[in-house]
2 protein chains.
Amino acid sequence: MVDQEMKRLVNAGFIEKAQRCRPRLKSSVKAPLRIVAISSKGDTAEIQEKSDGRMLPRYSLGKGESLCLDFGTHYVGYVTLKFNSVGSPQDAPAFLRLKFAEVPGEILDDSGDYHGWISRGWIQEEFIHLDVLPAEVRLPRRYAFRYLEILALDTSKKWKLVVEEAKLSAVSAADPEAVFPFHTQDKLLKDIDRVSVRTLANCMQDVFEDGPKRDRRLWIGDLRLQALANYETFRDYKLVKRCLYLFAGLTRDDGRVGACVFTEPDYIVDDTFFFDYSLFFVPVLYDYYMESGDEDTLKELWPCAKRQIELASQEFGTTHVVREMEANDCFLDWKAGLDKQAGAQAVYIYCVRRGACLARILGCTDEASRLEREAEEKAAAAMKYLWDGTKGMFISGRDRQISYASQVWMVLAEVVKGKEARELLNRLDEEKPEMGMVTPYMNHHYVEALLLCGEEKKALDYIKYYWGGMVEGGADTFWELYNPENREESPYGSRIVNSYCHAWSCTPAFLLRKIEKIF
Amino acid sequence: MVDQEMKRLVNAGFIEKAQRCRPRLKSSVKAPLRIVAISSKGDTAEIQEKSDGRMLPRYSLGKGESLCLDFGTHYVGYVTLKFNSVGSPQDAPAFLRLKFAEVPGEILDDSGDYHGWISRGWIQEEFIHLDVLPAEVRLPRRYAFRYLEILALDTSKKWKLVVEEAKLSAVSAADPEAVFPFHTQDKLLKDIDRVSVRTLANCMQDVFEDGPKRDRRLWIGDLRLQALANYETFRDYKLVKRCLYLFAGLTRDDGRVGACVFTEPDYIVDDTFFFDYSLFFVPVLYDYYMESGDEDTLKELWPCAKRQIELASQEFGTTHVVREMEANDCFLDWKAGLDKQAGAQAVYIYCVRRGACLARILGCTDEASRLEREAEEKAAAAMKYLWDGTKGMFISGRDRQISYASQVWMVLAEVVKGKEARELLNRLDEEKPEMGMVTPYMNHHYVEALLLCGEEKKALDYIKYYWGGMVEGGADTFWELYNPENREESPYGSRIVNSYCHAWSCTPAFLLRKIEKIF
């Protein structure tokens, strides 16, 4: 939900600590590897190599002509282009369109056709006039892309445009080319791991961003999964710490953690709140402490974590079942029509359990016991009111909706465990309720649920099916949205604004290593 | 004609002299006077005032909303805009379109509809993304405009765009607000004079530009008329001297002066040559000397002037009639289908006469006599071969075309004089041949021809009819093209690329003072 009337609370000490953990971005210079032609072939984009990238200055573009540069893989960074003219003296401004594309399909899409509900401003397309050539243009904006199309919208009848050089300064708080130990002979798994690591690295900027193409903000739902993948790879504890302090230092006046935080022009918490996202402060802190052992941070941020549980607990009635939620009150997944009640109940239990652990670690034994009881009480209520014994499924909302999200989160919350949980997930797999999963974010939780009940083989197969499907579809980084049955699906009205390097999709690097430890 | 194979000759000494005459541009800061709404009403654009310009920061723009700023009159300069947002934190880039318009109609035109033959790059329209608000944007390009439309192509559902400030730094080598003595009680004549002076001033930049919106180059045809208006107003001899040295210092290897010169990134002569334009070096030098008395410049540049006559003389056959010309070999006017032969013959005679005067001033009496004979010989040939005694008109080309341009230039060349010339112009006025005049440039010559045969009253009436028509049509500066019978006429395929502050249209400031001196 959006709270435009909210009052904001800033903890200056926390912000200062966040500031001290600010990363120094690494940059590396890249040139286009190839010049390609991208055309549509049925539903997919076909790429044909025209020449080596070093041939770039040999091309000249007249009105309506274009060049598509392929930088070889997905990067986040700043572009400098050197332009010149050939023919008669330049008797009119060069008028160019630049299109930056994470995936080839974006080159084919026409931004004029976009009529979706999120801002068309996210489409990575620039229109540029150059009055005087030669000119070196250092574009001020950051782009996330692999392909760059340069179209001469107009030159004049007397001269043509030459792109003498294209240079990308790729930036990240991590090294996108880094390789971390992961032992497998399986080519697809190796590729999935590599793509995961690049996805994570390209989202590691001034904060853990959700998507370097679109949003470019610190969302706590994404942060939670990025941190898990980061612990298995880059182990950049400082960047997680920075993000924890930003969320704790920028809250609503009642202490509630927002769904996301802006870092420019100033640090400011957004006015969007999700039931699950605020609560996720607890497991992010829990995971961080378990990985880093950083007790000072735990001690300092524990009150903020506790406060999220307190605030969430107010959403429960006398039956210990959370109130029914509007679609926008709790996130869980982008799936349209998904009822959030059961999922919210489960997320709460999941977070309270981790809160209890933290309380115990901190020596607050009363608090720990209270939270343990709280979790059990809510779990019992879930079984009493949200479990349909006949169907053997959790139901959600007044329409008793059966969804993947509800079952998965109830397993993760350990409302059902072991054999029962395994059977539930098997039933889910057999019955495939229509209310499925659309984001890699929700699919991650499905795999975690499988792992939690010992279904490592199924988890591995599912990773190969789901994330492997993106790799086989040519992904250099994992996409914000992927529905194996409808690749064009977008909650925004068009895939042209989808993000194709998205934080919440980077978790195979974590999941695969978790499975590796089990085997 | 275009000579892409040309070899260029640079006279470094001349360029250095031109460089020393480089003007220091004056700048003055302007704010929008009004916020207006421009709508179409039949063929014309209707302007409604919405509020005072100072109300600007009170507006906020959501997706698809726009503001149109009216700076009160035509300016040439650089724009700085301060943007901010209202509502929730800015969760998407602001995506704006800026449209700069010299006349209200340009705000209504859609650049997407332009399919003319000159570059669409001239359309003063920018597309800008702003990732972080507030932002102060100093646009790097120079614009020529009175109206600036700011359209929010997209914001997001959560915030709107505010334009906190719009600032224009107007530039000119002269003072566009300057007023020069001109005694009349006639409101329309006063307005015509004021608009002329502003047109001239706004074209006086680093050189005498032809149009600050489009072309922005030093064309010798425009220079000739600008210099005349300048002598009656700003009297900036140095800027004329600079332009003369640029043309003389940047020629083809045979010494031929080009039709125009580029000043950025380097001084370079274009590969376009017109028979009349190369010859105009002679009268520009003549007028400059007569006004300034600068003998050093005359001496130094006389060889260049003489060379233009020599080269042009090679285009004549044994009959002393200039060869027939392709449309692009000689300019005269933009009128489609205009045959150039008779006009070219007359321009040659006109220029040779001035060359003879210069030779005499320089004491080259043999040369002067030779040139005087040359002019008479060519004038005689014109009467013999290009005069149709039955029709009482000059004809041009194998189709014996009768045009305004041919008659006007024959009068200016004094091939016919006094009563005969007066009768010729009267016949022209009665018969109104279909091959008329489309540019203020050609109309200027028509008025000069009237003045040359003592038709001051007619000249004055014509100025009121022609340039007055633009003033009554709302002109702040005079337009590149104006056909009283077809205001939308454009040689470029659409009025959207027409220039509405154009050097060759600024001459009433000269013509009116010439008439004033006579009365």
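Trainee: How many salt bridges are there between chain B and chain A?
Mentor: Keep in mind that this is a predicted model. One of the pairs to look at is Lys158(B) with Asp270(A), whose closest N and O atoms are 3.4 Å apart. For the contact between chain B and chain A, the count is eight salt bridges.

Trainee: And which strand gives the most residues to the side of chain B that touches chain A?
Mentor: Three strands of chain B, β7 (125–130), β9 (143–154) and β14 (268–269), each supply at least two residues of that side. With four residues, the top contributor is β7(B).

Trainee: How much area is buried between the two chains?
Mentor: The contact takes 44 residues from chain B and 44 residues from chain A. Carbon and sulfur atoms give 54% of the buried area, which comes to about 3,200 Å².

Trainee: Which residues of chain B lose the most area to chain A?
Mentor: Three of them together make up 17% of what the chain B side buries.

Trainee: Let's go inside chain A. Is Glu480(A) buried or exposed?
Mentor: Glu480(A) forms a salt bridge with Arg214(A), at 2.8 Å between the closest N and O atoms. Glu480(A) lies in the loop between α14 and α15 and Arg214(A) in the loop between α3 and β11, so the pair ties together parts 266 residues apart in sequence. Arg214(A) has 2% relative accessibility, so it counts as buried. Glu480(A), with a relative accessible area of 1%, is buried.

Trainee: What about Arg398(A), buried or exposed?
Mentor: Arg398(A) pairs with Glu324(A) in a salt bridge, with 3.3 Å between the closest N and O atoms. Those two sit in separate loops of chain A, 74 residues apart. Glu324(A), at 33% relative accessibility, is partly exposed. The cut-off for exposed is over 50%, so at 69% Arg398(A) counts as exposed.

Trainee: Why are Arg194(A) and Asp191(A) separated by about one helical turn?
Mentor: Their side chains meet in a salt bridge, 3.1 Å from N to O. An α-helix has 3.6 residues a turn, so residues three or four places apart point the same way. Arg194(A) and Asp191(A) are about one turn apart because their spacing in helix α3 of chain A is three residues.

How values were computed: Residues numbered from 1 in each chain as written. Chains lettered and ligands numbered in written order. Predicted model: local features only at pLDDT ≥ 70, side-chain atom pairs only at ≥ 80, totals over all residues. Heavy atoms only, no water. Contact = heavy atoms within 4.5 Å. Buried area = accessible area lost by both parts, 1.4 Å probe. Salt bridge = Lys/Arg side-chain N within 4 Å of Asp/Glu carboxyl O. Buried < 20%, exposed > 50% of the residue type's maximum accessible area, 1.4 Å probe, protein only.
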